[in-house]
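Here are a few notes to go with your first look at this one. Have the sequence and the 3D view open while you read.

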Amino acid sequence: MFTYKLSHESGLNFTVGYINASDAVTDVSYSDVGITYTGMDGLTIGAAMSNNTIGNNIDSDESTMYATYATGGFTVGVQSSDLDHTTANSDQESIAYGVTYAVNDDLSIGYSYHELDFESTSLADQESTGVSASYTMGGMTLAGAMNSVDAMDGVATGDYEGYEFNLKFAF
């Protein structure tokens, strides 16, 4: 395995990795490259690509790009990803975004959305949404989230909801 990382004082970060493993059972190679830039008043952007090969017949290429921007109490992020696979009807495309707002030093709220599109016509597109909030007072934090997924893993009847509430004390 080979990995190389470079971080520059300008805010530019670069990473590359490579694995090549061959034996009597498995022929696997994996390579990836990623780059991020942070430096412009609250803006961070990044992109990554990878190639995975298993044996002579299975190959997948993945890519993703994202950006986040923070100004005042708002932080907004968006990400787009793509998976190209040699197996028929296995490609996927994904888009996600989220926004959070720090109302004040104690209260934050957020919303997120994710859509996963499958190439296969027998699978339904998966959609996920989430809403969260947290309130901090001294050493106590009260937080909660409500999330839902429609057509989980492409199954049209795979609709789920989840709720989480936390109360945390720091001593």
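**Notes on a nonpolar patch and its strands**

1. Start with the surface: F74, V76, V78, I95, Y97, V99, Y111, V131, M146, Y163 and F165 make up a nonpolar patch of about 1,000 Å². Keep in mind that this is a predicted model.

2. Which strands each supply at least two residues of that patch? They are β6 (74–85), β7 (92–102) and β11 (160–169).

3. Y111 is worth a click too. This patch member sits in strand β8, which covers residues 107–118. Is Y111 buried, partly exposed or exposed? It counts as partly exposed because its relative accessibility is 34%, and partly exposed runs between the under 20% of buried and the over 50% of exposed.

4. Now follow β6 to one of its partners. Strand β5 (residues 58–71) pairs with β6 in the antiparallel sense, with 12 bridges between them. If you want a spot to check, look at Y69, whose bridge partner in β6 is V76; V76 is also one of the patch residues. Two residues lie between the strands in the β5 and β6 hairpin, where G72 has a positive phi near 55°.

5. β6 also runs antiparallel to β7, and 10 bridges join the two. The hairpin of β6 and β7 has six residues between the strands, and here N89 takes a positive phi, near 60°.

Terms used
Residues are numbered from 1 along each chain as its sequence is written. This is a predicted model: local features need pLDDT of at least 70, side-chain atom pairs count only at pLDDT 80 or more; totals for chains, interfaces and linings use all residues. Side-chain values use heavy atoms; hydrogens and water are left out. Patches are made of residues with over 30% relative accessible area and no salt bridge: like charges are joined within 9 Å, nonpolar side chains (Val, Leu, Ile, Met, Phe, Trp, Tyr) within 5 Å. Accessible areas come from the Shrake-Rupley method with a 1.4 Å probe; for residues, only the protein chains shown count as cover. A salt bridge is a side-chain nitrogen of Lys or Arg within 4 Å of a carboxyl oxygen of Asp or Glu. Helices (H or I, at least four residues) and strands (E, at least two) are DSSP runs, numbered from the N terminus. Buried means under 20% relative accessible area, exposed over 50%, partly exposed in between (1.4 Å probe, protein chains only). Two strands pair if DSSP finds at least two bridges between them.
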